[in-house]
Amino acid sequence: MLHVTRMQSLAIDPPRRSIPWAIYHVRGGISGFPSPAQDHEGRHIDLNEQLIPRPTSTFMVTADGDSMQCPDGSGIYAGDRLLVDRSIDADHGDIVIALVDGEMIVKELRCRHCPPALHSANPHYTPIPLRDAQYQIWGVVTDILRRVRR
């Protein structure tokens, strides 16, 4: 079962961090030399702008367990940080953070053409039917943050 081990609220106005954009110049059908001023062009990547469009309703959790790991190696792994937006209404196919019978879990919501249930990506785990469960959907996972290089 994939659980949530830590939950962090993100600040309403998180500090701005500047990460430079990679600058690529493509010149097609132009003759001559590029301007030396082009080396000084560029913008900065604002991860807050890119990943958190609604900071007041966004929080981050850390996943634990293997229920959302797919047999092909994709999915959500223990230690992944998940950005969750509480302002999004959960729909069929969304990965959600849910509180089910007092336990906070990460699952895929399936509710189209069947009774609503929370499904794991790992086939070793059975779906959790929501018909008779005490549950609350806390939010929809919008992004997975995972360090690739160790």
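## Hairpin of β7 and β8

In the hairpin of β7 and β8, six residues stand between the strands, and His 113 takes a positive phi near 65°. Strands here, like helices, are DSSP runs numbered from the N terminus, with at least two residues (E) for a strand and at least four (H or I) for a helix. His 113 is a residue other than glycine, and its place is the loop between β7 and β8 (117-119). With a relative accessible area of 80%, His 113 is exposed; the term exposed applies over 50% relative accessible area, buried under 20%, and partly exposed in between, using a 1.4 Å probe and protein chains only.

The pairing of β7 with β8 is antiparallel and runs over three bridges, where two strands pair if DSSP finds at least two bridges between them. Within this pairing, Glu 108 stands opposite His 119 in β8.

## Basis of the model

This is a predicted model, in which local features need pLDDT of at least 70 and side-chain atom pairs count only at pLDDT 80 or more, while totals for chains, interfaces and linings use all residues. Residues are numbered from 1 along each chain as its sequence is written, and side-chain values use heavy atoms, with hydrogens and water left out.

## Hairpin of β6 and β7

β6 and β7 also form a hairpin, with two residues between the strands. The two strands pair in the antiparallel sense over six bridges, and Leu 99 stands opposite Met 104 in β7.

Asp 101 lies in the loop between β6 (95-100) and β7 (103-110). Although Asp 101 is not a glycine, its phi is positive, at about 50°. Asp 101 is exposed, and its relative accessible area is 57%.

## Cysteines

The structure holds zero disulfides, a disulfide being a pair of cysteine sulfur atoms within 2.5 Å. Cys 111 is in no disulfide, and the nearest cysteine sulfur, that of Cys 114, is 7.2 Å away. Seen from Cys 114, the closest cysteine sulfur is in Cys 111, and the 7.2 Å between them is too far for a bond.

Cys 111 counts as partly exposed at 34% relative accessibility. Cys 114 is also partly exposed, at 35%.

## Surroundings of Asp 94

Asp 94 is in the loop between β5 (81-85) and β6. Its relative accessible area is 21%, so Asp 94 is partly exposed. The side chain of Asp 94 reaches the backbone nitrogen of Asp 91 at 2.8 Å. This is a polar contact, meaning a pair of N or O atoms within 3.5 Å; within protein, one must be able to donate a hydrogen and the other to accept it, and residues adjacent in sequence count only if both atoms are side-chain atoms.

Apart from neighbours within four places in sequence, Asp 94 is in contact with Asp 89, Lys 107, Glu 108, Leu 109 and Val 140, where contact means heavy atoms within 4.5 Å. The C-alpha atoms of Asp 94 and Glu 108 are separated by 5.6 Å, with the two residues 14 apart along the chain.

## Strand β5 and its partners

Four of the five residues of β5 are buried, so the strand is mostly covered. β5 pairs in the antiparallel sense with strand β4 (residues 58-64) over five bridges. Arg 81 in β5 is the bridge partner of Thr 62.

β5 also pairs with strand β10 (residues 135-145), again in the antiparallel sense and over five bridges. Val 84 stands opposite Val 141 in β10.

## Charges and rings

Arg 86 lies over the face of Trp 138, at 5.3 Å from the ring centre. Lys 107 lies over the face of Tyr 125, at 5.6 Å from the ring centre. A charge sits over a ring if NZ of Lys or CZ of Arg is within 6 Å of the ring centre and within 35 degrees of the ring normal.

## Chain totals

Along the sequence they follow the pattern β-β-β-α-β-β-β-β-β-β-β. Of the 150 residues in the protein chain, 27% are buried. Among contacts with a separation of 6 or more, 64% join residues 24 or more positions apart.
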